[in-house]
Amino acid sequence: MLDGMDCLFCRIVAGTIPAKKVFEDELTVAIQDINPQAPVHVLVIPKKHVASLAETDAGDKELLGHLLEAVRELGAEQKLGKGYRVVINTGPDGGQTVEHLHLHLIGGRAMHWPPG
Ligand code: AMP
Ligand code: ZN
């Protein structure tokens with residue numbers, strides 16, 4: 001299992017890899033995505049290493065709720081009153097490329113459905 005210094009997002013949380021932080025509290029950090037897919041593209045990352053949504057369990061209920069609340073607050077702060085999309089890519093078929101749970105907050109333009 002990747003964690004600590006082997007994990008990109010653990011290194012960003014620890015501050016050993018720089019990132020543009022837009023929010024931080026005791027459980028999470030939110031950063032600007034390095035390859036934004038829309039005018040607003042923020043990643044909400046738990047400070048604790050969890051590989052993916054599939055690796056969470058009932059003990060992570062509070063953390064998961066906290067991550068969604070952070071997304072809602074960031075959506076309001078980033079002036080996304082017309083809406084936004086929240087994405088949790090999970091596992092290879094889900095398109096997950098970084099094996100540390102993160103929520104994408106994407107907005108500032110109209111989204112399309114179905115996704116690719
Ligand atoms: P996923 O494909 O859902 O695992 O998303 C990983 C996201 O992390 C992608 O949108 C990448 O653009 C983003 N990403 C990768 N490396 C960095 C980095 N160093 N700083 C910020 N975002 C990154
Ligand atoms: Zn990690």
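I began with Gly94, which counts as partly exposed because its relative accessibility is 31%; buried means under 20% relative accessible area, exposed over 50%, and partly exposed in between, with a 1.4 Å probe and protein chains only. Gly94 is found in helix H3, where helices are DSSP runs of H or I of at least four residues and strands are runs of E of at least two, numbered from the N terminus. From C-alpha to C-alpha, Gly94 lies 21 Å from Ala58, and the two are 36 residues apart in sequence.

I noted the ground rules here: this is a predicted model, in which local features need pLDDT of at least 70 and side-chain atom pairs count only at pLDDT 80 or more, while totals for chains, interfaces and linings use all residues. Residues are numbered from 1 along each chain as its sequence is written, chains are lettered from A and ligands numbered from 1 in the order in which they are written, and side-chain values use heavy atoms, with hydrogens and water left out.

Next I looked up Thr90, which is in the loop between strand S4 (84–87) and helix H3 (91–94). Thr90 counts as partly exposed because its relative accessibility is 27%.

I then turned to Asp60, in the loop between strand S3 (40–46) and helix H2 (61–77). Is Asp60 buried or exposed? At 6% relative accessibility Asp60 counts as buried, and its side chain makes a polar contact of 2.7 Å with the side chain of Lys48. A polar contact is a pair of N or O atoms within 3.5 Å; within protein, one must be able to donate a hydrogen and the other to accept it, and residues adjacent in sequence count only if both atoms are side-chain atoms.

I found an oxygen atom of ligand 1 at 2.5 Å from an N or O atom in the side chain of Asp33. A nitrogen atom of ligand 1 lies 3.2 Å from a backbone N or O atom of Ile34, and an oxygen atom of the ligand is 2.9 Å from a polar backbone atom of Val98.
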